[in-house]
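Reader: Hi, I have a protein model open and I'm new to this. Can we go through it piece by piece?

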Amino acid sequence: MDTIFKPKLFSLLKKGISKKQIFNDIFGGIVVGIVALPLAIAFAVASGVSPEKGLITAIIAGFLISFFGGSRVQIGGPTGAFIIIVYGIVEKYGLDGLIISTVLAGILLIIFGLLKLGVLLKYFPQPLIVGFTSGIALVIFSTQIKDAFGLEIAKVPSGFIDKWSLYFSEIPSINFYALGLTLLAILIIVISSKLKSKVPGSFLAIIVITFIVQLFKIPVSTIESFFGEIPQNFHFVIPSFEFNNLSMYIAPAITIALLGGIESLLSAVVSDGMIGGNHRSNTELIAQGIANIVTPFFGGIPATGAIARTATNVKNGGRTPIAGLVHALTLLLIMLFLGKWAKLIPMSALAGVLIVVSYNMSEWRSFYSILKGSFFDVIVLVTTFLLTVLVDLTVAIEVGVVLSALLFMKRMSNINPYVTNEIDTDVLDDYSKISKGISIYELSGPLFFASAKQYAETLKIIGIDSNVLIIRMRHVPFIDATGVHNFKDALDLLKENNVSIVLSGVNQTVLKDLEKNKVISNNKKIYTFDSFEKALQYSEKLNIKE
């Protein structure tokens, strides 16, 4: 148990944290708290629940994830990825069903952590992740059209096609005041990000637009007109349910747990790259589980690690979980003393914030890049995307995982095991006489979603202290989108540390994929050779220069 659950906060407190770092963490936490305020409200409203539920989630779950988590800088709370799940659960099972599903998801996350499954969740194929993330982004965008255009629609259908059919039929009822305010919100956020303003763009947009609406009495819907007063306190809630019906909540609970686990670990990996740290996957999952068990009983919704808020924390000096705790306390103070003013926020301002969120989530560059790649990756990407948009996220993830495995087997069945890619395959396998400063690592087998992460981590460890790293790829028959993604990350890190990279024996299919994804094209630090002998000779020259 000791090796599975080791919160970063406890380890850092044991080592000691400098006063300067504590000050930086407090500042970073306050900034992130301000950033999280409009997002927490917007995510809750878009999920079909009252705005204070988003704030409660950001406060309680945010505090617990930072307190018990396995990352130094992770910021937890409600995220855009959960909008379509929460909306669907509330519509089908009500708020009691949401509480039960979230608690069950929390239990599953703790089980995942105790079984040390944190590492496995990192191995989800890149096309699958991009597919459902882009799908979620499109669904979020579609949910905001009603408020962005000020349409008078009592109930928006849950189906994507039905939703858009209704929107088009309601075009004559557009409220141009609402549309103008939505566009203004988007403009403020975009300009703020370009100017790199210290005041978060989404926060600034909501303040400015709320002030304009109140000053000029503009006739648009506000949070108050939809939800009434925003409570400024917490209530302990116990859901009513029958044990006989518990099984119906298993599917949504699995979806919340899988998505929460994937999102939080992706966020942790991204932040590791920003600070040069290493998170504890299983501890992070257990912390996410604890947060999702506790938060619903106080009126919260599902929570996970938030990539954008975590990045904001890092950029503003946060380096320990203290920043996450301060972020939660900042939101608590805002809710207690300024919450009553939140009811005045126009729905069109929140729509503008969420449209920007959906654009940032869309990963359209990654989507386009994968579309140019392998036919097998394209199938997984498009299938997962369409199922997320048109059917259900649960179905999309299930089908995406199975499809990825089946297509991998199909791909492997097409490989000739006797073909190798280097011209002289039996040259020098004894590396004992290689000059100091040159390291060699051989990749063997396909560089695909199940192996890419481990290979990439090993490349970083072996190459980081070298002048030159030779990567032998004679036995790599193909590389998929996940392999390209992880391979590129590893090579980028090595290049940043002034390591020259030499690739040996790359077959034409793999070489084409690497060039197409700009992994090796126009790069002075990466060199390719068709034989190990040539690669070694050139590496010796590079090593002398170093």
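Reader: Let's start with methionine 412. Which residues is it in contact with, leaving aside its neighbours within four places in sequence?

Author: Methionine 412 is in contact with Pro446 and Phe478, once those neighbours are left aside. Keep in mind that this is a predicted model.

Reader: Where does methionine 412 sit?

Author: Methionine 412 is in helix α19.

Reader: How far is methionine 412 from glycine 118?

Author: They are 294 residues apart in sequence. In space, the distance is 27 Å, C-alpha to C-alpha.

Reader: Back to α19. What does α19 give to the lining of the largest cavity?

Author: Helix α19 gives four residues to that lining, the most of any element.

Reader: How many cavities of 30 Å³ or more are there?

Author: The structure holds one.

Reader: Which residues lie nearest the centre of the largest cavity?

Author: Asp377, Ser404, Arg411, Phe449 and Asp480. The whole lining has 13 residues. The elements giving two or more residues are α18 (375-390) and α19 (393-413).

Reader: And by class, what is in the lining of the largest cavity?

Author: Nine nonpolar residues, one polar and three charged.

Reader: New topic, pockets. How much space lies in the second largest pocket?

Author: About 1,100 Å³. The lining of this pocket has 40 residues. Ile84, Tyr87, Gly88, Glu91 and Ser158 lie nearest its centre.

Reader: Which helix gives the most to the lining of the second largest pocket?

Author: That is α4, residues 83-114, with 10 residues.

Reader: How do the lining residues of the second largest pocket divide by class?

Author: 23 are nonpolar, 10 are polar and seven are charged.

Reader: Now helices. How long is α2?

Author: Helix α2 covers residues 19-46, which makes 28 residues. From first C-alpha to last, α2 reaches 40 Å. That is close to the 40 Å expected at 1.5 Å a residue.

Reader: Where is the kink in α2?

Author: At alanine 36, shortly before proline 38. The kink is about 30 degrees.

Reader: What comes just after α2?

Author: Glycine 48, with a positive phi of about 90 degrees.

Reader: What about lysine 217, then?

Author: Lysine 217 has a positive phi, near 50 degrees, and is not a glycine. It lies in the loop between α10 (201-216) and α11 (223-227). Lysine 217 has a relative accessible area of 65%, and exposed means over 50%, so this residue is exposed.

Reader: And glutamate 363, what is its phi?

Author: Positive, about 50 degrees, although glutamate 363 is not a glycine. It is found in the loop between α16 (347-361) and α17 (364-371). At 28% relative accessibility, glutamate 363 counts as partly exposed.

Reader: Let's look at phenylalanine 67. Which helix is it in?

Author: Phenylalanine 67 is in α3, residues 51-68. It is partly exposed, with a relative accessible area of 28%. Leaving aside neighbours within four places, phenylalanine 67 is in contact with Pro7, Leu9, Phe10 and Leu325.

Reader: How far apart are phenylalanine 67 and glycine 324?

Author: In sequence, 257 residues. In space, 8.1 Å, C-alpha to C-alpha.

Reader: Is isoleucine 256 buried or exposed?

Author: Buried, with a relative accessible area of 1%. Isoleucine 256 is in helix α12, residues 250-275. Outside four places in sequence, its contacts are Phe82, Ile85, Ile89, Ser101, Thr102, Ala105 and Pro302.

Reader: Last one, serine 539. Why does it count as buried?

Author: Because its relative accessible area is 0%, and buried means under 20%. Serine 539 is in helix α23, residues 532-545. It touches Ile438, Val468, Ile470 and Val502, not counting residues up to four places away in sequence.

How values were computed. Residues are numbered from 1 along each chain as its sequence is written. This is a predicted model: local features need pLDDT of at least 70, side-chain atom pairs count only at pLDDT 80 or more; totals for chains, interfaces and linings use all residues. Side-chain values use heavy atoms; hydrogens and water are left out. The expected span of a helix is 1.5 Å times one less than its number of residues. The bend at a residue is the angle between axes fitted to the seven residues ending there and the seven starting there. Buried means under 20% relative accessible area, exposed over 50%, partly exposed in between (1.4 Å probe, protein chains only). Contact means heavy atoms within 4.5 Å. On a 1 Å grid over the protein atoms alone, a cavity is a set of points where a 1.4 Å probe fits but cannot get out, and a pocket is an open set with protein on both sides within 12 Å along at least five of seven lines; lining residues have an atom within 4 Å of a point. Grid points are joined across faces, edges and corners, and a volume is the space filled by probe spheres set on the points. Ala, Val, Leu, Ile, Met, Phe, Trp, Tyr, Cys and Pro count as nonpolar, Asp, Glu, Lys and Arg as charged, and the others, Gly among them, as polar.
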